[in-house]
There are 2 protein chains.
Amino acid sequence: MKDAPAPTRPDTGTPDGLIVPTYEDMLGAHMRIAPHIRRTPVRTSDYLNELTGAQLFFKCENFQEPGAFKVRGAANAVFGLDEAQAPKGVATHSSGNHASCLSYAAMRRGIPCNVVMPHSAPQAKKDTVRRYGGRITECAPSTSAREETFARVAAETGGNFVHSYNDPRVIAGQGTCAREVMEQTDGLDMMVAPIGGGGMVSGTCLTLSTLAPEVQIIAAEPEQADDAYRSFKAGRIIADDAPRTIADGLLVPLKALTWHFVSRHVHDILTASEDEIVDAMKLTWKHLRIVIEPSCAVPLAIILKNPGRFAGKRVGVIITGGNVDLDALPWIKGE
Amino acid sequence: MKDAPAPTRPDTGTPDGLIVPTYEDMLGAHMRIAPHIRRTPVRTSDYLNELTGAQLFFKCENFQEPGAFKVRGAANAVFGLDEAQAPKGVATHSSGNHASCLSYAAMRRGIPCNVVMPHSAPQAKKDTVRRYGGRITECAPSTSAREETFARVAAETGGNFVHSYNDPRVIAGQGTCAREVMEQTDGLDMMVAPIGGGGMVSGTCLTLSTLAPEVQIIAAEPEQADDAYRSFKAGRIIADDAPRTIADGLLVPLKALTWHFVSRHVHDILTASEDEIVDAMKLTWKHLRIVIEPSCAVPLAIILKNPGRFAGKRVGVIITGGNVDLDALPWIKGE
């Protein structure tokens with residue numbers, strides 16, 4: 001739970017290096033989680049195709065029951081626990097979709113899920129975790145408080161730690177999404193996903209590097225939280241201190257395992273401004289008529305911003321989640 | 001274009017009675033329009049099922065390219081025109097989804113679409129019609145001005161009049177939606193659709209009365225525009241003078257042809273208040289993560305209001321459209 005180490009000093013707990021999930025791990029994950037997730041639809045819009053000159057295929061992970069792709073990795077971790085560990089359940093620290101998705105998966109298996117969350121987290125996020133049976137332990141909103149609290153909760157409960165992205169089980173689970181997209185479309189030139197910690201992008205790399213290595217993987221990042229972009233250019237993990245962006249799912253830095261995939265398989269990282277993200281979000285609501293989080297709008301924002309890169313191409317776009325505060329939409333200004 | 005006549009005095013222009021579309025007309029419509037519409041998905045939500053005690057199957061007609069089920073009836077009329085009529089195109093008066101859907105269908109066939117619309121209609125509606133190549137003639141916002149203007153436009157262009165619901169071609173087209181729902185689900189106890197003029201409900205009656213007569217058809221209507229409810233109870237068409245509801249797709253009265261179906265095949269009509277409609281709309285956005293119009297929320301509102309009627313049942317719910325002003329959402333109060 002320290003800041004991202006250099007890639008040569010992995011933090012996955014294995015003394016001799018990273019545990020890198022394989023394509024077979026992804027296939028196993030897909031069989032394991034299939035009864036617990038939705039095979040979400042891929043949607044298209046003639047209007048957005050005209051606007052971009054590309055053929056866009058939107059994979060609607062916002063339609064997962066808990067509203068985000070993270071249920072894939074969470075379910076893979078939860079349903080992969082052996083019978084000895086299962087009664088002690090899982091534990092994590094997160095104030096976002098990972099917390100609710102892990103709680104949801106644990107609820108489906110009937111095992112405990114302990115979540116450490118800053119007391120400043122939005123009430124709606126806490127409500128969702130509790131609705132899925134997650135037990136929240138609140139802490140002060142600082143890294144040290146979170147680490148201390150989490151260590152105590154983990155020791156007391158024996159819950160298996162499931163990191164929101166720096167975990168091979170989670171990345172193998174997220175990789176099932178790209179596999180479905182390839183089955184649901186008739187070949188792609190590119191796949192675009194938003195990048196925060198890099199869990200979805202790493203899963204996409206894991207799957208496509210074997211299944212469809214001809215597909216360019218493009219990561220999309222907010223300009224105001226462009227640590228992955230700068231890491232990619234520098235060739236090593238750079239973590240921001242306190243990025244500020246409306247795309248609140250993309251605030252976390254790369255870690256050893258996601259850097260492993262991003263540095264090897266990502267073709268490029270492109271960035272978009274806050275206004276561009278909000279415009280793309282509203283366009284998606286209006287023309288695809290789906291509710292998406294700001295984070296999911298970053299791919300469309302970079303496609304609109306770089307028409308020369310995408311025109312004439314068949315492009316998969318991963319809509320990562322749809323949990324948004326409907327009372328505070330970014331294009332509606334308060335007084 | 002007069003107010004709805006009594007059902008014994010049909011206004012479809014046939015001297016000896018109504019031209020009532022048949023089940024075979026619906027099957028023909030489905031073949032005709034299949035290349036021009038989307039076979040929209042049926043979605044479910046564990047959360048909404050728990051909340052209602054029912055099993056709800058939401059047919060997402062908001063995912064049609066122009067955002068509403070009305071593209072079915074419009075496409076059936078447009079692509080059913082013979083070669084002599086086609087060059088003169090179609091004409092209608094509408095300030096809602098029918099205008100944009102008819103324009104969209106005409107654009108796909110490459111024929112003209114003339115639309116008479118009050119100059120007070122929202123700019124966004126005008127923009128959408130024009131984006132699809134529709135030609136707008138504006139008129140004063142009164143029935144007489146609309147009738148005069150439409151008569152002139154129709155005479156000048158020779159465009160074939162396609163009424164938004166009181167037209168057998170339109171009803172046959174709308175009926176294709178219920179057919180898809182029955183193919184996409186494993187049997188239903190009930191089908192719920194919102195009712196305004198009754199086009200979707202009539203199409204549903206047309207299809208289910210032959211295909212699945214065991215399915216109860218329930219119409220859902222705003223309390224503040226409950227003319228269909230009062231007509232149903234009175235056994236004759238009652239038209240409101242100026243209903244006021246947030247469900248702006250449901251302001252129009254039944255007419256002879258839709259009354260034909262509603263009076264024979266609808267099991268019941270239930271109503272919901274404005275607050276109940278807004279709550280159901282927000283619930284749908286939040287848990288299905290789709291953008292729907294207020295009109296489409298009336299079915300969920302009546303299901304939530306009458307749990308005893310729906311608990312334990314398998315219920316199809318037709319989400320009729322998703323064209324909504326994202327800058328003016330009903331649960332966000334302006335100052």
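This is a predicted model: local features need pLDDT of at least 70, side-chain atom pairs count only at pLDDT 80 or more; totals for chains, interfaces and linings use all residues.

**A walk through the model**

Modeller: B:Arg289 is buried, as 25 other C-beta atoms lie within 10 Å; the cut-offs behind the word are 20 or more other C-beta atoms within 10 Å for buried, 12 or fewer for exposed, and partly exposed in between, with C-beta atoms placed from the backbone. Residues are numbered from 1 along each chain as its sequence is written, while chains are lettered from A and ligands numbered from 1 in the order in which they are written.

Colleague: OK, and where is the place of B:Arg289?

Modeller: In chain B, the loop between helix H11 (274–287) and helix H12 (294–305) holds B:Arg289, where helices (H or I, at least four residues) and strands (E, at least two) are DSSP runs numbered from the N terminus.

Colleague: What does B:Arg289 touch, leaving out residues up to four places away in sequence?

Modeller: With those left out, B:Arg289 touches A:Asn62, A:Phe63, A:Gly67, A:Ile290, A:Val291 and A:Gly322; a contact here means that two C-beta atoms, placed from the backbone, lie within 7 Å.

Colleague: How many residues of chain A are in contact with chain B?

Modeller: On the chain A side 19 residues are in contact with 19 residues of chain B. Helix H11 (residues 274–287) of chain A gives the most to that side, with 3 residues. By class, the chain A side divides into 8 nonpolar, 3 polar and 8 charged residues, counting Ala, Val, Leu, Ile, Met, Phe, Trp, Tyr, Cys and Pro as nonpolar, Asp, Glu, Lys and Arg as charged, and the others, Gly among them, as polar.

Colleague: What rotation superposes chain A on chain B?

Modeller: A rotation of 180° with 0.0 Å of shift along its axis does so, at an RMSD of 0.0 Å, and that is the relation of a two-fold axis. The superposition is by least squares on the C-alpha atoms of residues with pLDDT of at least 70 in both copies. A:Ile290 comes closest to the rotation axis of the residues of chain A, its C-alpha being at 2.1 Å. The copies meet through the same surface, because 100% of the interface residues of chain A are also interface residues in chain B.

Colleague: Changing topic, is A:Ala297 buried or exposed?

Modeller: A:Ala297 counts as buried, with 29 C-beta neighbours inside 10 Å, and its place is in helix H12 (residues 294–305) of chain A. Not counting residues up to four places away in sequence, A:Ala297 touches A:Ile277, A:Ala280, A:Met281, A:Thr284 and A:Ile292.

Colleague: And the sheet in chain B, what is the order of the strands?

Modeller: The order is E1-E2-E10-E7-E8-E9, an open sheet of 6 strands with mixed pairing, where two strands pair if DSSP finds at least two bridges between them. Strand E1 (42–43) and strand E9 (268–272) of chain B are the edge strands, each pairing on one side only. Strand E7 (residues 190–194) and strand E8 (residues 216–222) of chain B run parallel and are joined by 5 bridges, and B:Pro194 stands opposite B:Ala220 in E8(B).

Colleague: Last one: how many helices and strands does chain A come to?

Modeller: Chain A comes to 13 helices and 10 strands, and 54% of its 335 residues count as buried.
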